[in-house]
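Dear colleague,

Please find below the structure that I am handing over to you. My notes on what was found in it follow directly after.

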Amino acid sequence: MPTGLESFSNPADIGPLYPFPGTEGPLAIIGIALWILFHVLQTREENRKWNEAEAAFDAKILLPGSDEPPHTMGG
Amino acid sequence: MSDLTDSLNVLFTEFYYWMTVVIMFLIHVGFSLYEAGIGRRKNLQHILIKNVMLIPVVTVSFFFFGWWIYFAFINGPFINAGMGIDTALADNFYPWSPLMGPNMGDRITGVFWAAFLLFSWTAASIVSGAIIERTRTTAFLIMAVVLGSILWIIDASWGWSPNGWMVQLMGYHDAYASGVIHAIAGGAALAVVIVIGPRIGKFGPNGEIRNIPPHNVWMASIGLLLIYTGFWGFYAACNIPVFNIGTEAEPFYSATNIYLMPTTLSGITFNFLMSLSGGMLAGFIVSKGQPFWTLSAGLAGIISASAGNDLYHPIQAMIVGGVGAILAFKLHHYVERRFRIDDAVGAVAVHGYAGFFGVVVAGFLLWGYPAAAPLAGSALPWFGVTPDGFPAINPLGNLIGAVIMFAVLGFAPFYVLARVLKAAGILRIPRKVELAGMDTNTLDSSYPYFSRTYTAFEEIEKREGLAELSGSDTRT
């Protein structure tokens, strides 16, 4: 099933090169939705991470691989 | 494209902007190194990821609406002669326009869009540096979109386009973006550092300023040198490489600035290097040879002269750069001392104050030069015209322009935005996390082989390695 162009023999008459020309509007909606979804997921993940880091601080433990004592300024 | 000369012009322009984008990418490499070098190792990876994630969020939002804003808002809207949103070009730049993708009928939109996009990254990155070690990535990414895909591109539409209302009515001139990138980003950064507050322990109980040493001065310095390198692409991207500034009957081809007024790539090469040198020379003296401030002063030197570096004499560029660098250095320390503002990398000074100064100075030094060709339907310029009827560059227009960039489009909206983010509880990381370090308890150490304790892997390696050696010993 052809998705767009089937010939480059008349380059002067060719406009869009991408497949499924005419679907730009729905593509834009999908793209914007994915972008907003990223921000939602990123916010959720960051909140979870800081909650866990605070709990680790309270428990005075270091997670594996960390080398900084939790109650000092480090640096 | 059937005519060879026209084709070569188009293909050269396409390649020219593409190259500027590649070179400008180094600005972001530099900012990333710089911020990571200035930060402490307990925060290093979060500093890095906060900065680099602005790349995708600003890129996609700039595709969705930023590029359209540049063409749509040139009249304000409704500031210049009551003209509204300009649809003549903007209609081609919705995200669903056929020109916003591979198209045999257009070879410039993608590379021109990308050149502007790299400026967007720079603007957002400037704010990033000022607020390191205490800001949530969530908040920063929202700020990056607002600055990179909305506010800066509005100011570019107003003051960095031949048809922008600030150019047409005020004679605003800012060829290499002292105001339209640096002053606006500096103003925005100032607002955020005020609202978010200093890092824990930065100021003592009696107001004394405590130095928070960078974890790696070498890394920060290389970062600044890479920003210099990327700046070459930035300057080239601000030009139109080949444009007929004559008439159809008597063509005269030249490079132009963004306002389609003549300059030369050769000339701006003089001025880029001389303003950089003026800034470094002055910065070395006032900072007593500190690498961080000497290199930052070089940047401040370029930024101070950038508004007029299309036309200055190289020695003028050097002097302006030197004065701007001293101003940035002195103001940074005065503001820090007087208002207890913790700008971790000096971004407000190097970009904001130097950029503001640069726009104001250009208004005086280039007084009377043509700003741009008059736009059909535009109201008469407010502050004078040239003998040819072009809006004239002038001190008042550039002074008002600098205030618009720094305060109206930079500081004010970001003060409100930072307040909203703070009220929502997503501006600053929890204090306990800030004390422990953002990487501590969330990520592996940035320098595991310089740590005071073993990593989890090293514990395993040690246990299994000792067992193996023990077995060997038994065999022997």
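**Helix packing in chain B**

In this predicted model, helix α5 (residues 109-130) of chain B packs against helix α6 (residues 137-159) of chain B at an angle of about 135°, and their axes are 9 Å apart. Axes are lines fitted to C-alpha atoms, for helices over the stretch in contact, and angles run from 0 to 180 degrees between N-to-C directions. Helices (H or I, at least four residues) and strands (E, at least two) are DSSP runs, numbered from the N terminus. The angle makes α5(B) oblique to α6(B); angles under 35 degrees count as roughly parallel, over 145 as roughly antiparallel, 65 to 115 as roughly perpendicular and the rest as oblique.

The crossing of α5(B) past α6(B) is right-handed. A crossing is left-handed if the near helix is turned anticlockwise from the far one by less than a right angle, and right-handed if clockwise. On the α5(B) side, the contact is made by B:S120, B:W121, B:A123, B:A124, B:V127 and B:S128. On the α6(B) side, B:F140, B:M143, B:A144, B:L147, B:G148, B:S149, B:W152 and B:I153 take part. Two residues are in contact if their C-beta atoms, placed from the backbone, lie within 7 Å. Sorted by class, this contact of α5(B) with α6(B) has ten nonpolar, four polar and no charged residues. Here Ala, Val, Leu, Ile, Met, Phe, Trp, Tyr, Cys and Pro count as nonpolar, Asp, Glu, Lys and Arg as charged, and the others, Gly among them, as polar.

Helix α5(B) also packs with helix α13 (residues 347-365) of chain B, at an angle of about 140° and with axes 8 Å apart. These two helices, α5(B) and α13(B), are therefore oblique to each other. B:I126, B:G129 and B:A130 of α5(B) make the contact with B:A347, B:V348 and B:H351 of α13(B).

Another pair is helix α11 (residues 291-306) and helix α12 (residues 314-339) of chain B, which pack at an angle of about 125° with axes 7 Å apart. The crossing of α11(B) and α12(B) is right-handed. The contact of α11(B) with α12(B) has twelve nonpolar, five polar and no charged residues.

**Two points in the loops**

Which peptide bond is cis, with omega near 0°? It is the bond from B:G76 to B:P77, and B:P77 lies in the loop between α3 (54-72) and α4 (87-90) of chain B. In the loop between α5 and α6 of chain B is B:E133, a residue other than glycine with a positive phi, near 75°. Most residues other than glycine have a negative phi, and most peptide bonds are trans.

**Chain B as a whole, and confidence**

Chain B has 16 helices and two strands. Its radius of gyration (taken over C-alpha atoms) is 24 Å, close to the 23 Å that the globule rule (2.2 Å times the number of residues to the power 0.38) gives for 476 residues, so chain B is as compact as a globular protein of that length. The C-alpha trace of chain B spans about 95 × 60 × 45 Å along its principal axes.

The model scores ipTM 0.90 and pTM 0.92. Over residues 63-75 of chain A, pLDDT stays under 50. Where pLDDT is low, the predicted coordinates should not be read in detail.

**Conventions**

Residues are numbered from 1 along each chain as its sequence is written, while chains are lettered from A and ligands numbered from 1 in the order in which they are written. As this is a predicted model, local features need pLDDT of at least 70 and side-chain atom pairs count only at pLDDT 80 or more, whereas totals for chains, interfaces and linings use all residues.

Yours sincerely

Definitions and conventions. pLDDT = per-residue confidence, 0-100.
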